[in-house]
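Trainee: I would like to go through this structure by its ring contacts, its core and its pocket. Where shall we begin?

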Amino acid sequence: MVELVKKEGSTLGLTISGGTDKDGKPRVSNLRPGGLAARSDQLNVGDYIKSVNGINLTKLRHEEIISLLKNVGERVLLEVEYELPPTAPDSTSGVISKTIDICLHKEGSSFGFVMRGGAHEDWHKSRPLVITYVRPGGPADREGTLRPGDRLLSVDGVPLHSASHNDALSVLAQCGQEALFQIEYDVTIMDTVANASGPLLVEIAKSPGATLGITLTSANHRNKQVIVIDRVKSGSVVDRCGALHPGDHLLSIDGTSTEHCTVLEATQLLASTTELVKLEILPSHQTRLAGKQHDTVKVQKSDYPHNWDPCINYCHPQNSTLCNTSSTLNKSWTPSNNNTINSLDYCKSLVCASFSTSSTTTSGPSSQSSNTLPRPAVPMSPRNSLLKRRQRKKEHKSC
């Protein structure tokens, strides 16, 4: 049930389609931006309206429904029926799940998002508590992390794993003006990026006004200054995309080379991008550029005596590999049953060894030559070296 309280002479701010003389059940076909129904954050486009203040709509014609909504009193009680959100993705769906805590400030009686799902007495109808809509300009939209399809796990430390939809709404209503939300979101697994050789062209489509969520820095690679991705913000467009990671070299932004750019200039280029961003990168696993390490390594003297041979180099040389490949990857999550879910954010990665900024699409897989340099011989281990020296001593004594 959705309760709306309107001022005298004002409207609900929603459009209803359907009726006995129309094709289909009465449903919400539009929510006027800024209207009462939209600001309530309880309705989605596509919701079915079963009754208004206890009056059943299933046997009313379209004009009768419109007249009823216009002449209803200040307190409006809508019985709403909606399609269930999708179940949580499994490990074979090409995504992994991450969690993040975000702080939102209440505006009026809402945090600026619509939530559906929850536990149900019929387990077939039980779903995670899924965010189905983020109202433009609302608190959640201004914070910038929450996306349609995210799952709500807890609010102010109160777990919601077994909460029904009504229970979850009650928890939200009892929150103060500021609340901490634990959110679960999906990150696309980009196998092509991990296995690629050569530069990648990554296309990212983002919502208007959204930021990519990456911080840049510079590094010295092969005696040359390069622009490198320093950090990726959790829950950001880039993080969810799964194609870019800290340590990746940023070669160009929308066709503009970063070769002679400072970090500030490259950051300004990113800020000026439109809804479709094209980034040419060299993944960190190809550059051999280690990111910032936070692991602690403990080194101590060995208790065992060893006679090390200082003439032997025990450092493993890097493998030098030159490969040309051409393939296309396009992974995106698209909601299947709720047209209110915003699916503007997506990521496409094009793997290209000989990249040209004038070409941003590929026509499909093609055969390329592959040249691999021979791998240097693996150096002898200290243990084997010691055994060989002992063997030589034995042979010398026996002569």
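This is a predicted model: local features need pLDDT of at least 70, side-chain atom pairs count only at pLDDT 80 or more; totals for chains, interfaces and linings use all residues.

Trainee: What is the relative accessible area of phenylalanine 181?

Mentor: Buried means under 20% relative accessible area. Phenylalanine 181 counts as buried because its relative accessible area is 1%.

Trainee: Which parts of the chain do phenylalanine 113 and phenylalanine 181 tie together as a pair, and how many residues apart are they?

Mentor: The two rings pair edge-to-face, with 5.8 Å centre to centre and 85° between the planes. Phenylalanine 113 belongs to strand β8 and phenylalanine 181 to strand β12, so the pair joins parts whose separation in sequence is 68 residues.

Trainee: How many aromatic pairs does the structure hold, and what is the angle between the planes of phenylalanine 111 and phenylalanine 181?

Mentor: The structure holds 2 aromatic pairs. Phenylalanine 111 and phenylalanine 181 form an edge-to-face pair with centres 5.0 Å apart, and the angle between their planes is 75°.

Trainee: Where in the chain is phenylalanine 111?

Mentor: The pair of phenylalanine 111 and phenylalanine 181 links distant parts of the chain, 70 residues apart. Phenylalanine 181 is in strand β12 (residues 178-188), while phenylalanine 111 is in the loop between β7 (95-105) and β8 (113-118).

Trainee: Is phenylalanine 111 buried or exposed?

Mentor: The cut-off for buried is under 20% relative accessible area. Phenylalanine 111 has 3% relative accessibility, so it counts as buried.

Trainee: Which residues do the ring pairs link into a cluster?

Mentor: Phenylalanine 181 pairs with phenylalanine 111, and also with phenylalanine 113. The cluster linked by ring pairs is therefore Phe111, Phe113 and Phe181.

Trainee: Which element gives the largest share of the largest nonpolar core?

Mentor: That core has 24 residues, and Phe111, Phe113, Leu146, Leu152, Val155 and Phe181 have the most contacts inside it. Two or more residues come from each of β7, β8, β9 (127-134), β10, α4 and β12. The largest share is 5 residues, from β12.

Trainee: Which element gives the most to the lining of the largest pocket?

Mentor: The largest pocket holds about 1,100 Å³ of space. Its lining has 37 residues, and the closest to the pocket centre are Met1, Val2, Gln42, His165 and Leu169. The elements that give two or more residues to it are β1 (2-5), α1 (36-39), β6 (75-81), β8 and α4 (165-174). With 6 residues, the element that gives the most is β8.

Trainee: How many residues of that lining are charged?

Mentor: By class, the lining of the largest pocket has 16 nonpolar and 12 polar residues. The number of charged residues is 9.

Trainee: Which ring has the charged end of arginine 116 over it?

Mentor: Lysine 25 lies over the face of tyrosine 48, 4.3 Å from the ring centre. For arginine 116, the charged end is 4.1 Å from the centre of the ring, which belongs to tyrosine 82.

Trainee: What is the C-alpha separation of glycine 149 and proline 85?

Mentor: Glycine 149 is in the loop between α3 (139-143) and β10 (151-155). At 14% relative accessibility, this glycine 149 counts as buried. Proline 85 is 64 residues from glycine 149 along the chain, and their C-alpha atoms are separated by 8.4 Å.

Methods:
Residues are numbered from 1 along each chain as its sequence is written. Side-chain values use heavy atoms; hydrogens and water are left out. Rings of Phe, Tyr and Trp (its six-membered ring) pair if their centres lie within 6.5 Å; planes under 30 degrees apart count as stacked, over 60 as edge-to-face and the rest as tilted. Helices (H or I, at least four residues) and strands (E, at least two) are DSSP runs, numbered from the N terminus. Buried means under 20% relative accessible area, exposed over 50%, partly exposed in between (1.4 Å probe, protein chains only). A charge sits over a ring if NZ of Lys or CZ of Arg is within 6 Å of the ring centre and within 35 degrees of the ring normal. On a 1 Å grid over the protein atoms alone, a cavity is a set of points where a 1.4 Å probe fits but cannot get out, and a pocket is an open set with protein on both sides within 12 Å along at least five of seven lines; lining residues have an atom within 4 Å of a point. Grid points are joined across faces, edges and corners, and a volume is the space filled by probe spheres set on the points. Ala, Val, Leu, Ile, Met, Phe, Trp, Tyr, Cys and Pro count as nonpolar, Asp, Glu, Lys and Arg as charged, and the others, Gly among them, as polar. A nonpolar core is a set of buried Ala, Val, Leu, Ile, Met, Phe, Trp, Tyr and Cys residues joined through side-chain atoms within 4.5 Å.
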